[in-house]
Amino acid sequence: MAGLLPKQGCQLQPRCTSHRNRPRIVLQATKTSTTTTPTTSSPFGYDLLKPVTSAGQIKELKEGIATFYDESSSLWEDVWGEHMHHGYYPAGSPPKSNQQAQIDMIEESLSWAGVTAATKMVDVGCGVGGSSRYISRKFGCSAQGLTLSPVQAARANELSQRQGLGDTCSFQVADALQQPFSDNSFDLVWSMESGEHMPDKKQFVHELARVCMPGGAVIIVTWCHRVLGPGEQGLRPEEESLLQRINEAYYLPAWCSIEDYRRLFEAEGLVDIKVADWSNEVAPFWAEV
């Protein structure tokens with residue numbers, strides 16, 4: 001997995017047999033001004049817009065993602081609880097439940113990003129709202145969440161009401177690539193394992209930067225492929241074949257690397273960008289589940 005922090009959604013991650021192809025996480029960045037750059041064509045030498053559907057339509061991809069989570073979220077909640085993402089298992093740590101490891105993932109992401117307070121957060125790809133409620137309690141902040149799944153949004157609102165957070169946490173069906181918020185709306189922009197579902201990574205990053213307040217933080221935990229070597233124009237055919245099987249199973253478009261994300265955030269003018277690879281830290285999760 002990989003992470004960008006000054007800033008995952010999709011929740012299940014299939015096991016990859018090759019270490020080089022494991023999803024990577026963690027990217028952070030900080031916004032210093034209100035200026036964002038317009039979105040144009042992909043800055044990469046390979047296609048980041050290839051959708052997973054056979055007809056090649058992004059609309060069908062979005063509908064597929066929504067249906068996928070409408071039909072599967074109750075099962076995942078039964079297995080994982082309200083946090084539908086990986087757990088964090090650092091080397092040498094004592095045994096713990098996967099639910100505790102998922103909470104540790106939230107805590108480690110915030111700590112690694114240096115985020116110690118927030119007043120307004122947005123949870124992009126919110127699932128049933130587990131991260132939003134946890135961070136709302138931790139910081140006393142308001143939280144708004146986005147998902148393509150009507151079932152997830154309704155369940156997230158139901159759980160928030162049941163847990164006494166109905167006045168501070170709210171969730172709606174909306175597209176992360178066209179967020180229904182004004183510029184500079186949130187001081188914490190959070191995406192826990194949802195970026196892998198985005199068919200246009202540049203537009204995804206643009207929207208994260210757009211809604212982030214100056215001085216705010218953007219945190220992404222997402223699945224990425226390996227960083228391409230000098231002269232490489234894309235992944236090897238066997239790597240593409242492996243990822244395509246994952247994509248077809250989980251309604252994912254083409255992947256990118258953490259360095260691609262770094263460049264996208266730099267292009268938006270964000271600073272203090274950090275990246276990390278937590279593949280080893282999340283690997284035990286699947287054995288636990």
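This is a predicted model: local features need pLDDT of at least 70, side-chain atom pairs count only at pLDDT 80 or more; totals for chains, interfaces and linings use all residues.
User: What caps the N-terminal end of α7?

Analyst: Look for a polar contact. That is a pair of N or O atoms within 3.5 Å; within protein, one must be able to donate a hydrogen and the other to accept it, and residues adjacent in sequence count only if both atoms are side-chain atoms. Serine 257 is the cap. One of its side-chain oxygens lies 3.3 Å from the backbone nitrogen of glutamate 259.

User: Which residues of α7 are buried?

Analyst: Buried means under 20% relative accessible area, exposed means over 50%, and partly exposed is in between (1.4 Å probe, protein chains only). In α7 the buried residues are Ile258, Asp260, Tyr261, Leu264 and Phe265. They sit on the same side of α7 because they cover an arc of only 155° around the axis. The arc is taken from the directions from the helix axis to the C-beta atoms.

User: Where do the buried residues of α6 lie around the axis?

Analyst: Glu239, Leu242, Leu243, Ile246, Asn247 and Tyr250 are buried in α6. Their arc is only 140°, so they share the same side of α6. Pro237 and Arg245 are exposed on the other side.

User: What length does α6 reach, and what is expected?

Analyst: The expected span is 1.5 Å times one less than the number of residues. Helix α6 covers residues 237-250, which is 14 residues. From first C-alpha to last, α6 reaches 20 Å, close to the 20 Å expected.

User: Which residue follows α6?

Analyst: Most residues other than glycine have a negative phi. Tyrosine 251 follows α6. Its phi is positive, about 55°, although this residue is not a glycine. Tyrosine 251 lies in the loop between α6 and α7 (258-267). Tyrosine 251 counts as partly exposed because its relative accessibility is 30%.

User: What is the phi of glutamate 193?

Analyst: Glutamate 193 has a phi near 60°, a positive value in a residue other than glycine. Its place is the loop between β6 and α5. With a relative accessible area of 0%, glutamate 193 is buried.

User: How many bridges join β6 to β7?

Analyst: Two strands pair if DSSP finds at least two bridges between them. Six bridges join β6 to strand β7 (residues 212-222), and the two run parallel. Serine 191 stands opposite isoleucine 220 in β7. Strand β3 (residues 120-124) also joins β6, through three bridges, again parallel. There, aspartate 123 stands opposite tryptophan 190 in β6. Strand β6 itself (residues 186-192) is mostly covered, with seven of its seven residues buried.

User: What unit do β6, α5 and β7 make?

Analyst: Check the handedness of the crossover. With the strands pointing away from the viewer, a right-handed path from the first strand over the helix to the second runs clockwise. β6, helix α5 (residues 201-211) and β7 make a right-handed β-α-β unit. So do β4, helix α4 (residues 150-162) and β5. Five bridges join β4 (residues 142-147) to β5 (residues 169-173), which run parallel. Phenylalanine 171 in β5 is the bridge partner of glycine 145.

User: Which backbone oxygen does the side chain of glutamine 203 reach?

Analyst: Glutamine 203 lies in helix α5. Its side chain reaches the backbone oxygen of leucine 177 at 2.9 Å. Glutamine 203 counts as buried because its relative accessibility is 17%.

User: Where does tryptophan 278 lie?

Analyst: Tryptophan 278 is in the loop between β8 (271-275) and α8 (279-282). At 6% relative accessibility, tryptophan 278 counts as buried.

User: How many helices and strands does the protein have?

Analyst: The secondary structure comes to nine helices and eight strands. Of the 289 residues, 56% are buried.

Definitions and conventions. Residues are numbered from 1 along each chain as its sequence is written. Side-chain values use heavy atoms; hydrogens and water are left out. Helices (H or I, at least four residues) and strands (E, at least two) are DSSP runs, numbered from the N terminus.
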